[in-house]
Amino acid sequence: MNILIADDHPAIRSGLEAMLKDMNWQVSACVSSGELAYEHYCQQKADVVVLDLSMPGMGGIETARRIKARDTDARIIIYSMHSAVMYAKQALMAGALSFVLKSTAIDDLFHAIKQVAQGRSYLSHEVAQKMAMCNVMGDSPIDKLSTREFEVLCLLANGKGVGDIADILSISKKTVATYQTQLKRKLELNSTADLVKLAIEHELID
């Protein structure tokens with residue numbers, strides 16, 4: 001099996017690479033950003049892609065969305081320290097088959113890789129429980145958002161300016177401003193400060 005890893009932490013990259021090789025799996029590339037992961041995948045497809053959720057520049061969700069747009073058969077795992085269910089929902093909407101928490105035992109990731117390689121979905125137990133609870137309690141306002149709108153919300157909430165967001169998502173500043181307006185309308189909020197407050201309530205701050 002051929003696996004592509006993207007994580008901005010060198011220790012995690014090297015540790016994952018060593019452990020995956022111990023499983024007799026091939027690591028086609030071990031890169032530090034979403035941009036490099038997308039570039040490498042376009043040059044050489046991998047059987048499974050493991051993406052960190054939060055990376056400088058293009059995060060895991062946006063990277064997953066772009067890879068899936070390029071190859072609808074791509075099999076992607078989001079590997080994250082964030083257990084907020086909204087991240088998992090958006091990752092699945094972007095085309096990932098799996099959302100695995102870094103806080104779980106490494107065997108959880110190994111199991112996810114085996115499942116995803118066969119085209120099956122997999123969620124870490126804690127995430128699956130939270131997803132089930134959300135289904136019981138009903139939809140959140142954030143569920144209304146598209147993947148791109150969610151990315152803009154998270155970037156705004158984490159202190160990124162319009163210019164930064166435009167660069168990260170490779171869109172114009174005018175488009176970012178349009179997304180800001182759409183977010184306020186969809187979420188029935190009046191200001192960017194209100195957007196940040198909502199993001200904090202849903203544990204979307206890094």
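Gly59 sits in the loop between β3 (48–52) and α3. Helices (H or I, at least four residues) and strands (E, at least two) are DSSP runs, numbered from the N terminus. This is a predicted model, where local features need pLDDT of at least 70, side-chain atom pairs count only at pLDDT 80 or more, and totals for chains, interfaces and linings use all residues. Residues are numbered from 1 along each chain as its sequence is written, and side-chain values use heavy atoms, with hydrogens and water left out.

**Gly59**
- Gly59 counts as buried, at 9% relative accessibility. Buried means under 20% relative accessible area, exposed over 50%, and partly exposed in between (1.4 Å probe, protein chains only).
- Gly59 touches Asp52 and Leu53, not counting residues up to four places away in sequence. Contact means heavy atoms within 4.5 Å.
- Ser170 is 111 residues from Gly59 along the chain, and their C-alpha atoms are separated by 13 Å.

**Helices α2 and α3**
- The axes of α2 (residues 34–43) and α3 (residues 60–70) come within 9 Å and cross at roughly 15 degrees. Axes are lines fitted to C-alpha atoms, for helices over the stretch in contact, and angles run from 0 to 180 degrees between N-to-C directions.
- The two helices, α2 and α3, are therefore roughly parallel to each other. Angles under 35 degrees count as roughly parallel.
- From α2, Gly34, Ala37, Tyr38, Tyr41 and Cys42 meet Thr63, Arg66, Ile67 and Arg70 of α3.
- By class, this contact of α2 with α3 has five nonpolar, two polar and two charged residues. Ala, Val, Leu, Ile, Met, Phe, Trp, Tyr, Cys and Pro count as nonpolar, Asp, Glu, Lys and Arg as charged, and the others, Gly among them, as polar.

**Salt bridges**
- The whole structure holds 10 salt bridges. The criterion is a side-chain nitrogen of Lys or Arg within 4 Å of a carboxyl oxygen of Asp or Glu.
- Glu62 and Arg65 pair at 2.9 Å, N to O. They are three residues apart in α3, about one helical turn. Glu62 is buried at 0%, and Arg65 is partly exposed at 28%.
- A network of salt bridges links Glu62, Arg65, Arg66 and Arg148.
- Asp71 and Lys45 form a salt bridge at 3.7 Å, N to O. Asp71 lies in the loop between α3 and β4 (76–80) and Lys45 in the loop between α2 and β3, so the pair ties together parts 26 residues apart in sequence. Asp71 is buried at 9%, whereas Lys45 is exposed at 56%.

Definitions and conventions: Parallel < 35°, antiparallel > 145°, perpendicular 65-115°, else oblique.
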